[in-house]
Each structure stands twice: as C-alpha cells, then as structure tokens.
Amino acid sequence: MTRFILIRIVQAAFTLLALSAGVFFAVNLTGDVVSFLSSPQDTPETLALMRESLGLDRPIWVQYWIFVSNAVQGDFGQSWTWGRPATELLLERLPNTLKLAATGFVLTLIIGIPLGILSAVYRDSPFDKIAKFVSVLGMAAPQFWVGIMLLLFFGAYLNWLPTFGMGGPTHYIMPSFSLSLFLIAGMVRLTRSSMMEVLDSEYIKFARVKGTREHLIIWKHALRNAIIPVMTFAGISLGGLLNGSIVVEIVFAWPGLGRLMLTSVTQRDYAVLEATVLTAGAMYILMAMIVDILYAYVDPRMREE
Amino acid sequence: MAAIFNDAESETQPSVLSLKYATTRAKRILAARLPWAPIIIMAVVVICAIFAPLLAPHDPADIELSVRKLAPFDNWSYPLGTDRLGRDMLSRMIYGARTSAFISLVALGAGAVFGTAVGLVSGYAGKWTDTILMRITDAAMGFPTILAAMIIVTIMGAGITNIILAIAVTVWARFARMIRGEVLQVRNRDFVLAARITGVSPIMIIWRHIFPNVINTLLIILTLLVGQTILLEASLSFLGLGLAPGAAAWGLMVAEGRDFLISMWWLSLLPGLVITMVVMAFNFFGDWLRDSLDPKLRRSI
C-alpha cells in the first residue's frame, strides 16, 4: 500500500510538471509578450531593453527553469492588467471558488443520495417518476442556462434572492444549485440503479425471508453495498465541479478563480493565466490522486499493477 | 492445422459491411420499441442543420432595426421574436443547429477515431503499452474540458477549429477506456488465437477480428456522448471561447440574452430550452440503444 501511494505521488508530480511545461511553452512560444506591452512609437532599442528587463533575451529553457523555480516558491510574476502579483490575486479568489464548490458538493450528496435511495425503494411510484424527471432534466440542461433561468425567476421576477456577487448565505443558493444540478442528476440516477441492483440480490431476499424489518434491510443491508459506486462517482464529480464553476461564476459574477481565469484569457494576462491554470490543474491532479488512493484502500484489487 | 483454420473461419465475425451483418443488427434494433419522440427531435435538428438556408425565414445575421425587440408570437413573420438588433430568433436557432451539429459531430468523430485506435492498440498489446496509454487516458479523461479549451484558445486563438480541438482532446479518452475494456474480453478468444497462430499480422488481427466485435460498444458510446458534447459546445460558446460574437450558436445566444434578461426574457430562454430538449433526446436515444443492443453495458457507461 505504501508503495502504491508513493508511485501515485510521483506520477502526480510528473503530471503536474508536464502540465507546467505545456502551459509555459505554449504561452511563451506563441504570443510575443513585448508586442502587447509596447506602443508603436517605441524604437527597436526600447524593445530590446524591454526584452532584457523581462528576461526574454535568455534561452527558453532557462526561462522555463526560472519560471518553475519561482512558481514553486509561489511567485508567478506581475499581472499586467491588475498591476499586482498574480499569486496575490490567486489567493484572493481561490477561497471563493472552493466555498462555492464545497456548497455544491454538499448539495449533491444531501439531495442526490436520499432521492436516489427513495426512488429505488418506491419504484414506479409518483415520487420515483419525479426523481427520474429531475435526473433527466438535470443531465440535459446546460448549467449556465439553469443559472440564468433561476436569476430570471427568483432574482428578477420574484425578487427573493440576490442576483450577483458574494455576501450572506442567500448568495450561495442559486450559484451552488446551478453548479450541482448536473451532479445531483447523475447521483440520483446512479444511486437508484445501484440500490435497485442490490435490492434484487439474493442476500436481501434472504434477509426478507428471515423476517428482518424493512427499514433495516434498506438502510443497513442494502445501502452499505450500494454505496461503493456512489462514492466513486462522488470522487469523480469533484473534477466536474471545477469545470462547472467557471461557467457558474460568470453567470453570477462570483469573484472566483474561474472568472479570473477567463478574464486573463481574454486580456492575455499571462502571469495570471499561468497561475490560475496551474492551480486548477494541480487541484484536479491532487483530487484524482486522492480518489485513486482511497479507492485502493477500499478495494485491494486496485493496488496491483 | 485444418481444424484450427476451420474454427477460425467459423468464429470470425462476418464483415461489418456484409448484408447479413447489417440485417441482423437492424432486426435487433427494431425488435425493441422505438423511442419516437427523441427520434423526431433528433431528425428535426439534423434537417435544420443540413437545410438551414432553405428553412430559415430570414438571414440570421440580418439586422432590421424596425422590428427589434419583438416578443414571440407578436408578429407572425417573426414567430419566435427578434433580438435587440431585430435579428430573427427562429432563423438564428435554425442556424444554431448547424453550428452545434457541425462542431459536435466533427469533434466527436475525431475523438472516436483516435480513442478507438488507442483502445484497440492498448487492449491488444497489453503490458507496458497498455499501462502507459491508460495512464495518459486517465489524465485526459478527467481533465476539465473548459480548462483545456481555455488553454487551446489562448495559445491558438479563437475559431471553430480550436473549439473542435478542445472537445476532441478530452473526449477521445472515454472511447479509449471503453473500447480497451471490450478488447480485453475478445483478445484471448479462440478465433483471435487461431489467427495469431496462422501468422496474421497484429494490425490485421485488430482490424479483421477484433474491431468488428467492438462496433456495438462504439456505436453506443458515440450516441451517449452526443448529448454531452452538445452541452460542452454550448458552454464553450457561452463563454465566448472560439466563436465570433454575433455568430449563430445556441450557447452564444443565451449569453447575449443575459444582458436583457428582464426586458427580453425570450432571448436566453428559447435557445436554452432548445439545447435542453436536444440533449435530452440524444440521452434518451443513447440509453435506449444501449439497452436494446447490449444490456451488459448498463453498469459500465
């Protein structure tokens, strides 16, 4: 097990290094930074001086090395559009995204799992039909549109909820719901099918024959076995939250990482772009690693490779 | 030797293109009840995409200030209303079907070809090749697509090609994973071993003996992923990554309507509704196809 964990950590480190190289070379080999900073009146001498002051006259490998060693120390350079260190901006925005994602994740668990269980237990009841409709709708409706429709109805029309930015707890309701609807839908669907499969199994039939009370069968015998694929899905869905939060942050003007990332793309703010993309990538790689390790812990067959 | 040979012949699947193969497949599909509602919606999308110029009552980019801000059903020459520049919503949505279908199909097609190739090679070769290819696949599978799209658009600039690339770059991994799983089940069957003993080259074995056995799975994944690809394309165009402002794309239309949510609710509502319905149709159809062709797959997809 220790060996497995070590291998996964080394793999994660290499993946991150590959990502950093990809992002760095892609950004630096394709766009001429100086052309964005200079004005047409600048003489060639000024441009050369600019290049030198930015360290752009050095070989690209040296630049990459400097970039990595600075990044490891938490320094991604200055943001041109904000005039502040990119790391500072990153640290300001990152917690907001994490808060939003965490709320969305909790919603997914506390709505999705019970809905899926009840839907499997009361198969073909009106409740099951409603749960099915929710899951079909949630899988098909684009997140940004769900957000905008919520804004239209609860924000503009009913005027019940705040429509943009961060603030009190009410600010979280619409963004976290539009972020998690897709995952809730997947969770309901998966929990339902997993639970149904278990409920049809021999040992549940045996428990019934034995005369075990129904609520014990459902909550103790069946749920424990049905929960394994559900937990896997929960792990994978964390990556989906990251993807979705970019869109949702735009819709609700949420001051998070995703919005910072998008503005840095449109403004070609390389320092911020590199900082945000690498952070998001690192978060994803870290989560995938943790899920892998947890999975191996639960299921020893996964350790062999 | 002859016995092995005969065995191999009899167990080899008929060619994919043969009539017998096609008819048995068609019979199996028709045996289940057809989901008509999704099929009709899908057909409408395809027809709109192909015949957009013939079907659209107006030019989608035509600015007509005299009829701007018309609500749906107010003026029958603009049944679904107009936007702030007087562009016809219905025409824009018909052309949007074209954008969406084109991007999704090309991206999915490219992803399918590449992913299937990786899956076939990985599953058949096994050992080191398999380990390395599957590590890469795992990394690509979970990597957030929007993040990938942002990187690609930053590097290569906007444009339809780059949206397609961004989708294909992450979608191929799903094909690779599933196809590999299927290959593992086939690779040690007698007809493959027989072919190997008789000296058939690995490429021919994969093409003639293994590939025909994974076509079912391929078809199913392909249909199941159409919906998700359309959603992705819509999200990317909503964020303005890749398409020029003013282009007729569903996601972009929702984004443009966002600024006029209160005065012109239909601008965002209608294209979003269309996306939802179309994705729903493809999801339903994919589920149905999977259940009728290969119920075993239910758990794994």
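Student: In chain A, what share of the contacts with a separation of 6 or more joins residues 24 or more positions apart?
Tutor: The share is 73%, where a contact means that two C-beta atoms, placed from the backbone, lie within 7 Å. Please note that this is a predicted model, in which local features need pLDDT of at least 70 and side-chain atom pairs count only at pLDDT 80 or more, while totals for chains, interfaces and linings use all residues. Residues are numbered from 1 along each chain as its sequence is written, and chains are lettered from A and ligands numbered from 1 in the order in which they are written.

Student: How many helices and strands are in chain A?
Tutor: Chain A has twelve helices and zero strands. Helices (H or I, at least four residues) and strands (E, at least two) are DSSP runs, numbered from the N terminus. The C-alpha trace of chain A spans about 90 × 55 × 30 Å along its principal axes.

Student: What percentage of its residues is buried?
Tutor: Of the 305 residues in chain A, 36% are buried. Buried means that 20 or more other C-beta atoms lie within 10 Å of the residue's own, with C-beta atoms placed from the backbone.

Student: On to A:Asn243, then. Is it buried or exposed?
Tutor: A:Asn243 is buried, because 24 other C-beta atoms lie within 10 Å. This residue sits in helix H10 (residues 214-251) of chain A.

Student: And which residues does A:Asn243 touch?
Tutor: Leaving aside residues up to four places away in sequence, A:Asn243 touches B:Pro144, B:Thr145 and B:Ile146. Within chain A, A:Leu179 is 64 residues away in sequence and 9.5 Å away in space, C-alpha to C-alpha.

Student: How many residues does each chain give to the contact between them?
Tutor: Chain A gives 33 residues and chain B gives 31 residues. On the side of chain A that touches chain B, at least two residues each come from helix H1 (2-30), H6, helix H7 (143-157), H10, helix H11 (257-267) and helix H12 (270-298) of chain A. By class, that side has 28 nonpolar, five polar and no charged residues. Ala, Val, Leu, Ile, Met, Phe, Trp, Tyr, Cys and Pro count as nonpolar, Asp, Glu, Lys and Arg as charged, and the others, Gly among them, as polar.

Student: At what angle do H6(A) and H12(B) cross?
Tutor: The axes of H6(A), residues 126-140, and H12(B), residues 266-293, come within 8 Å and cross at roughly 115°. Axes are lines fitted to C-alpha atoms, for helices over the stretch in contact, and angles run from 0 to 180 degrees between N-to-C directions. The two helices are therefore roughly perpendicular (65 to 115 degrees). A:Val136, A:Met139 and A:Ala140 make the contact with B:Thr276, B:Val279, B:Met280 and B:Asn283.

Student: How do H7(A) and H8(A) pack?
Tutor: H7(A) and H8(A), the latter covering residues 170-199, have axes 9 Å apart and an angle of about 145°. Among the residues that meet are A:Leu150, A:Leu151 and A:Phe154 in H7(A) and A:Phe177, A:Leu179 and A:Phe182 in H8(A). Their contact has nine nonpolar, three polar and no charged residues.

Student: Finally, how many residues of H11(B) are buried?
Tutor: Eight of the eight residues of H11(B), residues 250-257, are buried. They include B:Trp250 and B:Glu256. The buried residues of H11(B) pack against H7 of chain A and against H5 (89-125), H10 (202-238) and H12 of chain B.

Conventions:
Angles under 35 degrees count as roughly parallel, over 145 as roughly antiparallel, 65 to 115 as roughly perpendicular and the rest as oblique. A residue is buried if 20 or more other C-beta atoms lie within 10 Å of its own, exposed if 12 or fewer, and partly exposed in between; C-beta atoms are placed from the backbone.
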